[in-house]
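These are my notebook entries on one protein chain.

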Amino acid sequence: MGFIADSLNRISPSATIAVSTKARELKAQGRDIISLSAGEPDFDTPQNIKDAAKKALDQGKTKYTDVDGIPELKAAICAKFQRENGLTYKPSQVSVGTGGKQVLYNALLATLNPGDEVIMPAPCWVSYADIVLLGGAKPVFVATTPEHGYRLQPADLDRAITPKTKWLVFNSPSNPTGAAYSAAELKGLTDVLLKHPHVWVLTDDMYEHLLYDGHKFATMAQVEPKLYDRTLTMNGLSKAYCMTGWRLGYAAGPEPLIKAMCKLQSQSTSNPCSITQWAAVEALNGPQDFIARNNAEFVKRRDLVVAMLNQAKGLKCPKPEGAFYVYPSCAEAIGKTTAKGVVIKTDEDFVTALLDEEGVACVHGAAFAGSPAFRISYATSTTALEEACKRIQRFCANLR
Ligand SMILES: Cc1ncc(COP(=O)(O)O)c(C=O)c1O
C-alpha cells in the first residue's frame, strides 16, 4: 500500500515473535503445542525485585523521569560495570531504554547514514539486520561455522571490513547459537579492530550471566582498553533477571554517542517505565544468588536437549557454552519428505512441518541468517522439553 513508508518495505516483522504468536494461536484453537520459540526464561522475576516495584508504586514514583534513566539507576549501572567487568563509566556515559532492543535501535539509528555497513557474525539475533536496514545502511553478515563453535574468526572479520564499515555488532553468549567467547578469543578480534580505527563496536552482552561449565565472561572494552573510546557496551535485565516483560536495557559508551541516543529517545518514547527503573536499581544492587540457581537448572536442560537431539536421525546439535538456546543443523533433512508428504526444501519448511505435524514450535535458521538449522529455546520445563525432543525424534525418524 502506497501510504506506508518505503523504509518499512526494507524490513520484516520479527520472526521469533511471529512463530511465538502462531504457537499461541494454535494453542488457543485447542491444539497440543509445545513452544520452544520464545527467548525468555520461564522463571519468575525474583521477589525482592517485585517488592521494589511495589514500593516505587506506593511511593508515587509514577511520573516522567529523566529521558535516559534516573540517577539512582545510572549509578547502579556504573557500579555493575565496575564490579563485574572492570569498566569505569560515569553516569553521563550511560543510557537506559525500554529494553535492550530500544538501546540498540537508538545506537544504530543515531549513527547510521545511507551507504554505511554494519558487520554482524551470522547466525545472529533477528533484529540487528532489520534495524540496520531501517537506518538505511547495509548489514554485512560474516558466516561462522559449527566447526569453529559458531565463533567469528579474526581473519574473516578482517576481510569483511571496508572503508564504509561503521560498526561491528557483536554478541556473546550468542542468540541463537549459545556460543560464547573467552577473553583470549576476544583478543584475536580486538587485535583486528585496532588495525581499523574507524570501526566501532556495539557489544550486546545481554546473556553475560548465562554461562555454564566454568566459562568466564569477557567483554571487548575490558579485553582491549584501547577500544574504550569506540565501544558501546550494551546489557539488560530481560534474560538473567527474568524481566522480559518489564522492558529495561542499558548501555555505556562515549558521551557524544550517549547524548545522541538520548536525543532520539526524547523524541520517541521518553523515559523507560519509572516503576521498572526502580525495580532495576534493586535488581542490580540486590542479591545475585538466584542467577547461579537458575543456571544450574539451565545446564541440566541444555544437556538433556543436546543429548536427545543428537539421537534424532539426521540432526547435529553442538553443545553451547551459554544463553538458553541450542542450534541444531538440519542439513540432512533438506530434500526429504515428511510423514504427511511435505517436501522439505528449507529450514523454514522443516520448522513449519514440525509445528503442523508434531506441534513443536521452533525458529528457522534463515531468520538468523544461518541455514540450514533451527533454534530451540530450552528455557522451559524439563517435562515439556523431553516431550518436545521425543516428537522431534519421531518427526526426523519419519523423514524419507
Ligand atoms: C541478543 C539479544 N539482544 C537483545 C535482546 C533484546 O532484549 P530486550 O529488549 O528484552 O532487553 C535480545 C532479546 O531476545 C537478544 O536475544
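**Entry 1: K239 and its surroundings**

I looked up what K239 touches, not counting residues up to four places away in sequence, and I found G39, P41, M206, Y207, L210, F324 and Y325. Contact here means heavy atoms within 4.5 Å. The model is predicted, so local features need pLDDT of at least 70 and side-chain atom pairs count only at pLDDT 80 or more, while totals for chains, interfaces and linings use all residues. Residues are numbered from 1 along each chain as its sequence is written, and side-chain values use heavy atoms, with hydrogens and water left out.

I located K239 in the loop between β7 (231-236) and β8 (249-252). Helices (H or I, at least four residues) and strands (E, at least two) are DSSP runs, numbered from the N terminus. Is K239 buried or exposed? With a relative accessibility of 13%, K239 counts as buried. The classes are buried for under 20% relative accessible area, exposed for over 50%, and partly exposed in between (1.4 Å probe, protein chains only).

I then checked the polar atoms of the K239 side chain, and one of them lies 2.6 Å from the backbone oxygen of G39. A polar contact is a pair of N or O atoms within 3.5 Å; within protein, one must be able to donate a hydrogen and the other to accept it, and residues adjacent in sequence count only if both atoms are side-chain atoms. I also noted the separation of K239 from S127: they are 112 residues apart along the chain, and their C-alpha atoms are separated by 16 Å.

**Entry 2: Q102**

I found Q102 in helix α5 (residues 100-109). Q102 is buried, at a relative accessible area of 11%. Its side chain reaches the backbone nitrogen of T98 at 2.7 Å. Setting aside neighbours within four places in sequence, I listed G97, Q265, S268 and T269 as the contacts of Q102.

**Entry 3: The nonpolar cores**

In soluble globular proteins, nonpolar side chains tend to be buried together. I therefore searched for nonpolar cores, each being a set of buried Ala, Val, Leu, Ile, Met, Phe, Trp, Tyr and Cys residues joined through side-chain atoms within 4.5 Å. Which residues of the largest nonpolar core touch the most other members? Among its 76 residues, they are L202, L232, L309, L315, F350 and I376. Helix α14 (residues 382-397) gives the most to this core, with 7 residues.

Apart from neighbours within four places in sequence, F350 is in contact with L315, C330, A333, I344, F374, F395, C396 and L399. I also recorded a second, separate core of 28 residues, including A221, A279, A280 and L284.

**Entry 4: Salt bridges**

I took a salt bridge to be a side-chain nitrogen of Lys or Arg within 4 Å of a carboxyl oxygen of Asp or Glu. How many salt bridges are there by this rule? The count is 25.

I examined D191 and K187, whose closest N and O atoms are 2.8 Å apart in a salt bridge. The two are separated by about one helical turn, because they stand 4 residues apart in helix α8 (residues 183-194). D191 is partly exposed at a relative accessible area of 36%, and K187 is partly exposed at 31%.

K54 and D51 also form a salt bridge (4.0 Å, N to O). Both lie in helix α3 (residues 47-58), 3 residues apart, about one turn of the helix. K54 is partly exposed at 47% relative accessible area, and D51 is partly exposed at 37%.

R151 and E321 meet in a salt bridge as well (3.1 Å, N to O). R151 lies in the loop between β4 (138-143) and α7 (154-160) and E321 in the loop between α12 (289-310) and β9 (325-326), so the pair ties together parts that are 170 residues apart in sequence. Both R151 and E321 are buried.

I noted, finally, a network of salt bridges that links D42, E297, K300 and R301.

**Entry 5: S7**

I found S7 in helix α1. S7 counts as partly exposed, at 22% relative accessibility. S7 and G135 are 128 residues apart in sequence, and their C-alpha atoms are 8.4 Å apart in space.
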